[in-house]
Amino acid sequence: MNFDLTEEQKAVQAAARDFAQTELLPGVIERDELQKFPAEQVKKLGGLGLMGIMTSETYGGAGMDTVSYVLAMEEICKIDASIGVCMSVNNSLVCWGLEHFGTEAQKQKYLKPLASGELIGAFCLSEPEAGSDATSQRTTAVDCGDHYLINGTKNWITNGNSASIYLVIAQTHPELKHKGINVFIVEKGMPGFVVGKKENKMGIRASDTHSLMFTDVKVPKENRIGDDGFGFKFAMQTLNGGRIGIAAQALGIAAGALELSLKYSMERKSFGTEIFNHQAIQFKLADMATKIDAARLLVLKAAYLKDQHKDYTEAAAMAKLFASQVAMDTTIEAVQIHGGYGFVKEFHVERMMRDAKITQIYEGTSEIQKLVIGRELFK
Ligand code: CAA
């Protein structure tokens with residue numbers, strides 16, 4: 001077993017760390033407060049190759065492995081988890097899905113601008129009444145010969161307004177249940193497609209989350225991905241990889257909170273010494289560091305299995321389940337270590353605590369991850 005990173009992996013990790021410090025740290029508090037989408041920073045991420053890290057160079061990506069992707073995600077999310085989710089959805093759900101299941105024409109037209117960061121993508125599965133129970137799709141796609149007509153509403157869509165390309169999951173044959181579901185590439189601006197209200201969220205406030213409305217949206221048949229009825233399998237398979245991305249986001253939030261807590265505990269004095277010297281604080285830091293290391297190993301294992309083309313369904317679910325809990329535990333402790341300063345915005349940890357919560361909810365709640373793990377154990 002080899003825990004060393006390659007020179008290329010170290011380089012992408014260092015580049016992401018540097019980018020996060022110089023480009024994301026300034027303004028992160030303001031963007032959170034104003035719910036301001038980091039459009040300029042996303043463009044620069046694209047320039048670095050981080051919006052299509054795993055996509056092959058043929059289609060405008062950086063052609064790197066999943067391990068590189070999670071290393072970069074961790075560094076970005078140590079500073080700004082809002083941009084992290086934009087990056088994760090574009091990389092793991094949209095670009096990966098298109099590259100693996102799209103036609104050559106779809107890749108040329110849509111994947112290239114998405115992987116290069118010229119355009120942003122969104123993944124539209126959740127609905128007002130279909131969250132965890134994702135097979136209960138109410139959005140319909142009626143087959144009209146050379147096109148489909150899409151009708152329905154999607155909820156909680158990351159990159160909802162900032163995206164230009166949307167992968168929309170919809171039911172074509174209700175009698176076939178999940179086997180009748182399809183996935184379509186929908187462009188912003190197609191008549192009948194309206195971006196709805198922006199959510200006012202507890203955390204990851206700089207990422208834009210919207211509802212989307214579709215009324216008789218005419219989508220050409222060539223925009224369907226895969227065979228008729230492949231949509232649910234598409235969603236589940238892309239989400240397996242998406243869960244690795246969100247696990248890395250959670251890991252980044254936790255690791256960022258630890259770095260800040262360590263720094264603060266070495267500067268802040270109480271009872272005549274730096275608070276780091278109090279065992280009450282050291283024990284908290286030790287617990288945080290141990291949990292973060294365990295989460296990192298699970299995340300890297302899932303990424304490694306994906307790179308080796310081995311089954312990573314269970315590993316991805318375990319990584320997300322554990323890392324998201326670690327993000328919650330460690331950010332709560334980070335606020336506690338900072339005391340009153342932890343409760344105000346300038347010290348970042350209160351934002352991290354708010355950002356951590358969503359990692360237990362989106363791309364499958366912790367309860368759904370347990371269900372996935374349970375079913376894998378049973379196999
Ligand atoms: N990987 C591959 N295939 C899977 C799978 C997985 N993880 N989970 C299910 N499938 C397959 C099954 O094998 C089955 O295939 P067959 O018909 O060939 O047997 C099919 O999908 C249906 O599965 P189930 O019979 O298990 O269906 P279910 O309704 O009992 O359970 C579920 C499915 C696992 C609960 C699924 O609905 C699920 O994952 N729900 C959570 C949805 C989710 O993660 N939503 C996130 C929204 S996207 C998002 O958040 C993005 C963002 O913007 C940040």
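**Exercise 1. Is F3 buried or exposed?**

Keep in mind that you're working with a predicted model.

*Solution.* 
- Start by placing the residue: F3 lies in the segment before α1 (7-24).
- Now check its relative accessible area, which is 61%.
- The cut-off for exposed is over 50%, so F3 is exposed.

**Exercise 2. Work out where M51 sits and what surrounds it.**

*Solution.* 
- Find M51 in the loop between α3 (39-47) and α4 (66-79).
- Its relative accessibility is 0%. Buried means under 20%, so M51 counts as buried.
- Next, list its contacts, skipping residues up to four places away in sequence: among them are V42, L45, C86, M87, L114 and G117.
- Then compare sequence with space: M51 and S116 are 65 residues apart along the chain, while their C-alpha atoms are 6.5 Å apart.

**Exercise 3. Explore the largest nonpolar core.**

*Solution.* 
- Count first: this core has 109 residues.
- Helix α7 (residues 231-267) gives it the largest share, 16 residues.
- Now pick out the residues with the most contacts inside the core: L50, I76, M87, F123, Y166 and V186.
- Zoom in on L50. Leaving out neighbours within four places in sequence, L50 touches V12, A16, L45, A72, I76, M87 and N91.

**Exercise 4. Classify the ring pair W96 and F101.**

*Solution.* 
- The structure has 10 aromatic pairs in total.
- W96 has 14% relative accessibility, so W96 counts as buried.
- Zoom out a bit: ring pairs tie W96, F101, F230 and F234 into a cluster.

**Exercise 5. Compare the surroundings of two salt bridges, K284 with E333 and K345 with E350.**

*Solution.* 
- There are 23 salt bridges in the whole structure.
- In the K284 and E333 bridge, the closest N and O atoms are 3.4 Å apart.
- This pair links distant parts of the chain: K284 is in helix α8 (residues 279-307) and E333 in helix α9 (residues 313-338), 49 residues apart.
- K284 is partly exposed at 22% relative accessibility, and E333 is partly exposed at 26%.
- For K345 and E350, the N to O distance is 3.6 Å.
- Here K345 is partly exposed at 31%, whereas E350 is buried at 12%.

Note on methods:
Residues are numbered from 1 along each chain as its sequence is written. This is a predicted model: local features need pLDDT of at least 70, side-chain atom pairs count only at pLDDT 80 or more; totals for chains, interfaces and linings use all residues. Side-chain values use heavy atoms; hydrogens and water are left out. Helices (H or I, at least four residues) and strands (E, at least two) are DSSP runs, numbered from the N terminus. Buried means under 20% relative accessible area, exposed over 50%, partly exposed in between (1.4 Å probe, protein chains only). Rings of Phe, Tyr and Trp (its six-membered ring) pair if their centres lie within 6.5 Å; planes under 30 degrees apart count as stacked, over 60 as edge-to-face and the rest as tilted. A nonpolar core is a set of buried Ala, Val, Leu, Ile, Met, Phe, Trp, Tyr and Cys residues joined through side-chain atoms within 4.5 Å. Contact means heavy atoms within 4.5 Å. A salt bridge is a side-chain nitrogen of Lys or Arg within 4 Å of a carboxyl oxygen of Asp or Glu.
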